[in-house]
Amino acid sequence: MCEDLAFAQQSLKTVLNDYVDLFRKRFSEGLSIRKAADGMQQNRGVIERRQAALYRAFAQLLQQRDEADGVCRLMQKTEYDQRDIEDLLE
């Protein structure tokens, strides 16, 4: 887990630097999208789109890291779908 946190921190300092303010407000401060939008003087739609772009960019970095290391740390889509189905059935 420490390795993953270090990777996330390094990613925010480099490739994901454009998303640092959004990440800080949403996840470090725990603000809602609405409050983060107010704090960043943006509307909710802009923040929602930037957050989605952050997720996509970070997922791509994680996938690249896995490919470079020759391992699969990410959950496969079929595993995710199966867990969702199992959660719904409980």
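Helices here are DSSP runs of H or I with at least four residues, and strands are E runs of at least two, numbered from the N terminus. By that rule the protein has five helices and zero strands, and from the N terminus on the order is α-α-α-α-α.

What you are looking at is a predicted model, in which local features need pLDDT of at least 70, side-chain atom pairs count only at pLDDT 80 or more, and totals for chains, interfaces and linings use all residues. Residues are numbered from 1 along each chain as its sequence is written, and side-chain values use heavy atoms, with hydrogens and water left out.

Next, the surface. Accessible area, from the Shrake-Rupley method with a 1.4 Å probe and only the protein chains shown as cover for residues, comes to about 7000 Å² for the protein, and 51% of that belongs to carbon and sulfur atoms. Of the 90 residues, 23% are buried, meaning under 20% relative accessible area.

Now the core. A nonpolar core is a set of buried Ala, Val, Leu, Ile, Met, Phe, Trp, Tyr and Cys residues joined through side-chain atoms within 4.5 Å. The largest one has twelve residues, among them Leu 12, Tyr 19, Leu 22, Ile 33 and Leu 61. Helices H2 (20–28), H3 (33–39) and H4 (44–69) each supply at least two of its residues, and the largest share, five residues, comes from H4.

Why does Gln 51 count as buried? Because its relative accessibility is 8%. Gln 51 lies in helix H4. Leaving out residues up to four places away in sequence, Gln 51 touches Leu 22, Arg 26, Phe 27 and Ile 33, where contact means heavy atoms within 4.5 Å.

Technical notes: Buried means under 20% relative accessible area, exposed over 50%, partly exposed in between (1.4 Å probe, protein chains only).
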